[in-house]
Amino acid sequence: MGNSKSSALSKEILEDLKMNTKYSEAELSAWYTTFLKECPSGRITKEQFEGIYASFFPDADPTAYARHVFRSFDLNADGMLDFKEYIIALHLTSSGKTMHKLEWAFALYDVDGNGTISINEVQEIVKAIFNMIPVEDQTKLPEDENTPEKRADKIWSFFQKKENDKIAEGEFIQGVMDNKDILRLIQFDEPKKIQDKLKEKKP
C-alpha cells in the first residue's frame, strides 16, 4: 500500500479515482496536496483517520465508528491507508453507488472478517453509529429504534434470523436492496457535513 510521496498524483491513480468517485481532477489534486501536508509519508494512520472523523462530528463521539470504517478499508491490516484508499473510503461513506456501498457496508459489519455477520457484530456497529448521533437527536427516533439494542434487533428480525444465525454477504445485500428502510437503519450518513469539511481542507 501507499502512494509515492510526489507532490502530484500519478495519472493512473487520478484516472482511477475520477472513474470510481464523483470527485473532479481539480478536487482530487487539491486534496492530495493537503493530504501530503498532513501526512508527509503519503499514508494515514488509524489515529489520524479517527481525528479526521472527530473534526467532522465535533458534537458526538465517532471514534468507534471511524475505527471500524478504517478497518474495513485497511485490506492488508497494516494500520495504514494511502491516499487512494482514503478518498474511496470518504466517497463510499458519504455517497457512492448503492451496490458498492452495500458491499462496503457488509465489510463494515463483518467485524471479524470471516465472511458472515452475527447479531453481536450488528450490535457493535449500531452502537458505534449511535455514538455519533447527538443525544437530543436520539430522542426523536421512532420508539422501536431509539436505542442501539432496539435498532440492532429490528435489523436482525428483518432478516428473520435466530440469535445464533449468521448472514452471508449475498443475503445481506439482497435483503437491504429489497427494503430501503433497512438501508437507513444500517448506515450513518451525513454527506453534506463530510463534503463541506473536505472543501474546507482545500489549500
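Me: Which residues form one aromatic cluster?
Reply: Tyr 32, Phe 35, Phe 49, Tyr 53, Phe 57, Tyr 65, Phe 70, Phe 83 and Tyr 86 form it. This is a predicted model, where local features need pLDDT of at least 70, side-chain atom pairs count only at pLDDT 80 or more, and totals for chains, interfaces and linings use all residues. Residues are numbered from 1 along each chain as its sequence is written, and side-chain values use heavy atoms, with hydrogens and water left out.

Me: Why is the pair of Phe 49 and Tyr 53 called tilted?
Reply: Rings of Phe, Tyr and Trp (its six-membered ring) pair if their centres lie within 6.5 Å; planes under 30 degrees apart count as stacked, over 60 as edge-to-face and the rest as tilted. The centres of Phe 49 and Tyr 53 are 5.3 Å apart and the planes at 40°, so the pair is tilted. Tyr 53 and Phe 57 also form a tilted pair, at 6.1 Å and 35°.

Me: Why is Tyr 53 called buried?
Reply: Buried means under 20% relative accessible area (1.4 Å probe, protein chains only). Tyr 53 has 2%, so Tyr 53 is buried. Phe 57, with 3%, is buried, and so is Ser 72, with 8%.

Me: What makes the link between the side chains of Ser 72 and Trp 104 a polar contact?
Reply: A polar contact is a pair of N or O atoms within 3.5 Å; within protein, one must be able to donate a hydrogen and the other to accept it, and residues adjacent in sequence count only if both atoms are side-chain atoms. The side chains of Ser 72 and Trp 104 make such a contact at 2.8 Å.

Technical notes:
Buried means under 20% relative accessible area, exposed over 50%, partly exposed in between (1.4 Å probe, protein chains only).
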